[in-house]
Amino acid sequence: MTPEAPLAPRDREHALRLLRAMLRIRRFEEACAEQYSKGKIRGFLHLYVGQEAVAVGVIECLTADDAIVATYREHGHALARGIDSRPLMAEMFGKVEGCSRGRGGSMHVFDAATRFYGGNAIVAAGLPLAVGLALADRMQNRDRVTVCFFGEGAMAEGEFHESMNLAALWRLPVLFACENNLYAMGTALARSESETNLCVKAASYEMPAWSVDGMDVLAVEDAARRAVTAVRGGGPLFLELRTYRFRAHSMFDPQLYREKSEVEAWKQRDPIPTFVARAQASGALGADDAARIEEEAAAEMVAAVDFAEAGHFEPVADLARHVLFEGGAQ
Amino acid sequence: MTRDALRREVLEALAEIAPEADPASLRGGVPLRDQLDLDSMDFLNLLIAVHQRTEVEIPEADYGKLASLDQIVAYLEARQPGGRD
Amino acid sequence: MTGERIKQSFREAFRQSLREALVRDERVFLMGEDVGRYGGSYAVSHGFLEEFGPDRIRDTPLSESAFVGAGIGAALGGMRPIVELMTVNFSLLAMDQILNGAATLSHMSGGQFHVPLVIRMATGAGRQLAAQHSHSLEGWYAHIPGIKVVAPATLEDARGMLHTALEDPNPVLIFEHARLYPVEGEVAADAGPVDLERAALRRAGRDVSLIAYGGTLDRALEAAESLAGQGIEAEVLDLRVLRPLDEAAILASVARTHRVVIVDEGWKSGSLSAEIAARIAEHALGELDAPIRRVCSAEVPIPYPKHLEDAALPQAARIAEAARELVRGG
Amino acid sequence: MPSLGADMDRGKILEWRKQVGDSIARGEIVVLVDTDKAEIEVESFSAGVLEAILVPVGETVPVGTPIARIRSAEAGARPAPKPVTPPPPAPPAPQPAIARPPAVTPRELPPAPAVASAAARPHATPLARRVAAELGVNLASVAGTGADGAITREDVERAAAPRAAAPPPAVAPAARDRAAAMRSAIATAMERANREIPHYYVESRVDLANAIAWLAATNAARPIADRVLPAALFVKAVALAAREVPELNGFWRDGGFVPASEVHVGLIVSLRQGGLLAPALRDVCEKSVTQLMADLRDVVARARAGKLRSSEVSGATISLTNLGDQGAQRVFGVIMPPQVALVGFGRVTEQPVAAGGLIGVRSVVDVTLAGDHRASDGHRAGRFLAALARRLAEPESL
């Protein structure tokens with residue numbers, strides 16, 4: 001279902017908040033690319049450039065008490081959820097000041113304070129976790145929502161079908177947010193799924209499903225607000241967010257699986273400049289707002305890199321800490 | 001049991017504890033521990049064996065009266081049903 | 001302790017401990033295939049659906065990965081789930097959730113999250129269920145840092161381990177040997193929680209140590225009896241806890257008898273018995289008056305016909321023979 | 001040369017997309033690089049003018065090597081970074097190994113020449129090696145009867161007993177061999193003990209009034225087979241005292257004292273045919289006096305009947321000899337290696353004792369401690385005897 005008239009920001013404060021959130025993600029991811037090429041960030045790195053509108057639009061509709069389960073491409077969700085860019089960058093550098101003490105790295109960002117239950121390097125492995133969190137809320141009569149972000153590639157995993165069925169069978173408050181960026185690593189959707197209309201898949205579990213333009217942050221927010229409202233205290237809902245990643249699947253794959261022209265075409269619908277144009281047209285943003293926020297975001301990420309650079313490596317003596325729970329009574 | 005039967009029982013018990021003891025050469029009136037290599041453990045085991053064979057109760061206080069073979073036999077005889085003492 | 005003792009089967013003992021757990025703490029709930037309406041494939045949760053209702057006795061679809069993942073999520077969400085995986089054979093479908101989820105979350109999140117989850121599963125062979133239903137994989141799980149693994153082999157442990165496991169802030173796996181369910185014995189009427197750290201000496205003996213756990217304890221005791229008839233006094237040590245191993249008890253036993261036979265229903269290569277033998281060789285070499293012997297399952301898929309299955313499994317006769325060889329220097 | 005992948009450590013320049021003097025915008029592709037896995041377009045993270053190309057096409061350089069120089073534009077779109085206090089010098093972050101290790105594929109080494117023949121290193125169990133060292137037995141001369149023909153401890157002990165020269169007393173031949181074997185095994189130990197262990201002796205007179213009274217009362221209420229001898233009290237008291245003075249409870253091995261975690265008391269038992277045996281009562285602290293008495297009677301009976309298992313004759317962490325039975329007033333024993341202490345009990349006698357200014361007659365026993373001066377000293381021995389006396393003064397607590 002697509003909204004009739006193109007949406008506009010409610011007010012200036014709303015426009016500034018959405019723009020700042022998307023720009024911070026974009027600059028953070030570009031800083032990561034730069035630090036990766038300098039060898040400061042190692043291992044795997046999956047960047048969110050191009051899909052910012054999805055994380056920002058959906059997370060804008062959550063309360064502080066809701067929960068998020070994400071994937072290995074979770075920097076954007078972490079920043080949108082409120083995790084500070086300095087411990088997040090320190091985590092990329094593997095420093096003990098990182099949000100997971102430097103142990104998780106890019107694919108395993110965790111934050112208990114904001115109920116951010118992590119990245120996950122196993123495709124679809126987060127779905128059962130989200131189902132469980134929602135089950136706990138249902139059994140303890142808490143009006144909380146658990147949002148589970150995953151790529152369309154996860155839909156080929158058994159855990160996707162098992163989780164969707166379980167959530168629908170037990171009417172659990174889970175929002176399944178599928179970021180359909182058309183490519184599961186190097187495999188186009190049409191070459192991995194017999195049914196490429198993802199909402200039809202959800203329907204087979206008697207689960208309401210909507211498809212949304214994932215490049216339009218206002219459209220995402222509008223759909224997400226209605227979805228979260230339906231899920232809170234109710235049953236699960238499936239949201240397909242059609243989006244596109246401008247950079248490689250992970251650092252520097254040669255991207256032979258897609259044409260340059262396709263990338264350029266999608267770049268014309270870059271969620272940030274398109275939003276700025278619309279916000280300026282509606283009068284919510286002034287001419288120099290974008291440039292100012294751009295500067296603030298860039299400066300924030302320089303500080304984040306400095307913080308990570310100044311961080312320390314965890315002492316080897318702590319290697320075995322937290323294998324088991326160290327706290328007191330729980 | 002007659003005196004001879006009692007004497008035989010005691011000697012058999014002694015043979016278990018001290019196989020090298022030659023009953024013929026044992027002198028009845030001399031304390032056993034002066035004739036044989038018996039420590040307190042052996043002596044206790046001897047009294048236990050005697051008690052089991054003759055069912056005569058031997059309180060610890062009476063140990064002193066049982067140093068020689070004759071004394072043991074006399075002690076047992078006195079405590080036979082219908083015996084003296 | 002009233003000191004009164006009752007006659008009880010392992011099935012009844014497990015049922016009683018489960019029922020007491022559900023009564024004691026309303027956060028506790030049971031989830032698994034056929035645990036509700038059917039009363040449990042081994043009838044351990046018979047009658048629970050009527051007593052506790054469908055919310056706390058949850059039949060699940062055949063989705064091991066999803067409902068084990070959901071168990072992890074619910075534990076994170078404040079519940080104390082008991083997930084029943086019908087048998088260790090089906091746990092293979094949930095291995096990723098157990099290893100990459102439950103076991104790793106605390107360490108990888110820098111200690112922010114811990115998973116107070118209990119997973120129960122039947123294990124072992126001996127009932128002619130053939131290869132796919134007769135595995136003994138405790139050793140695989142005992143290999144994983146971040147979880148505890150226990151194997152009740154006596155009625156006291158069948159009554160008491162679950163209670164302690166539920167109070168543990170870390171994931172605990174309880175392996176119930178399938179052959180034990182119908183076995184009856186005497187146990188204190190008010191048997192309560194037991195420790196999950198120490199091994200237990202089940203039989204004293206001077207000449208050789210038989211180390212066993214779970215379904216092999218009765219075999220070891222049987223072997224010890226037949227050895228006694230031949231003037232060989234065998235000590236029998238019940239491991240009880242497979243991770244962390246009670247190394248001190250193992251080494252003390254070897255120091256007493258200087259000869260050891262380790263009994264393990266797993267396959268010999270890379271088994272738990274291999275780990276125990278390595279620790280003895282590392283820390284008690286000077287105490288060994290004979291080589292370490294292991295009696296395990298033959299390295300074959302467990303065959304269906306009884307005579308072949310019996311030949312494959314570690315039996316009392318083979319244990320006694322190994323012990324006699326060590327003592328007599330045959 | 002940027003790091004372009006998790007497993008990349010060098011890159012080859014394939015094509016420069018920009019020439020010296022060209023202006024470059026952020027994110028613009030500057031050069032095409034081959035990373036052994038793929039050809040990757042490399043973007044520039046800074047805007048400016050390409051000043052110099054440092055690595056020509058076709059050349060391969062390790063990751064981190066500068067390949068070009070860009071003069072950043074003055075009025076660059078990027079804001080001049082706010083004056084940030086220079087971050088404290090970061091600890092030397094582990095630099096990715098720039099120099100590539102020479103690619104050496106391990107060759108298969110020829111099998112080492114056959115190890116010296118078995119004779120050089122006899123096939124013995126670790127425990128047998130240890131006991132052989134203790135008893136000074138040369139393993140090469142011992143025949144193994146253990147699993148796979150290994151030499152076991154029993155083989156070593158048997159080997160430690162050269163045939164007794166003296167004509168054996170009239171005892172059954174099998175028993176004669178075993179007795180002779182054990183007697184000379186202990187003889188060797190005694191020689192070694194005197195040669196190596198610097199003995200010191202400390203002695204004290206211990207009041208047994210309470211102990212004797214307690215024994216009388218206890219035994220009066222018991223059938224003869226369950227009665228307790230003073231020796232059982234002595235064993236328990238020695239164990240409890242030994243636990244209080246750890247320097248006396250353990251072994252002297254490889255030039256150092258090895259404390260024992262439990263207390264196993266070795267009993268010096270005289271054999272009917274002469275000679276000694278020292279079976280060990282295990283975990284004495286955990287056993288009741290009644291249990292100890294039963295163990296005592298069992299061990300002594302089996303020792304004298306030649307039915308002791310070899311496993312019972314070792315493992316003692318401290319030893320006790322009760323020669324008072326034989327009338328000796330005081331005992332100065334020889335420590336059984338590798339132990340480090342021997343407690344000797346003399347005869348229980350009634351002696352005049354002054355207490356509180358009054359003379360009284362009380363049952364007493366002279367107790368001596370023989371200690372290994374390498375592991376402990378007179379001060380520790382004194383504390384041990386004091387603890388022993390305290391224990392025997394409260395028999396009900398034993």
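This is a predicted model: local features need pLDDT of at least 70, side-chain atom pairs count only at pLDDT 80 or more; totals for chains, interfaces and linings use all residues.
## Chain B: order of elements

The chain contains four helices and zero strands.

Chain B comprises 85 residues, of which 26% are classed as buried. Among the contacts in chain B with a separation of 6 or more, 59% join residues 24 or more positions apart.

## The contact between chains C and A

Chain C contributes 35 residues to its contact with chain A, and chain A contributes 36 residues. On the side of chain C that touches chain A, at least two residues come from each of α3 (64-76), α5 (95-103) and α6 (105-108) of chain C. The largest share of this side belongs to α3(C), which provides ten residues.

The composition of the side of chain C that touches chain A, sorted by class, is 19 polar, 14 nonpolar and two charged residues.

## The contact between chains C and D

Chain C also meets chain D, with 13 residues of chain C in contact with 14 residues of chain D. The side of chain C that touches chain D consists of five charged, five nonpolar and three polar residues.

## Chain C at its two contacts

Taken together, the two sides of chain C may be set out by class. Towards chain A, two residues are charged and 19 are polar; towards chain D, five are charged and three are polar. Nonpolar residues number 14 on the side that touches chain A and five on the side that touches chain D.

How values were computed. Residues are numbered from 1 along each chain as its sequence is written. Chains are lettered from A and ligands numbered from 1 in the order in which they are written. Two residues are in contact if their C-beta atoms, placed from the backbone, lie within 7 Å. Ala, Val, Leu, Ile, Met, Phe, Trp, Tyr, Cys and Pro count as nonpolar, Asp, Glu, Lys and Arg as charged, and the others, Gly among them, as polar. A residue is buried if 20 or more other C-beta atoms lie within 10 Å of its own, exposed if 12 or fewer, and partly exposed in between; C-beta atoms are placed from the backbone.
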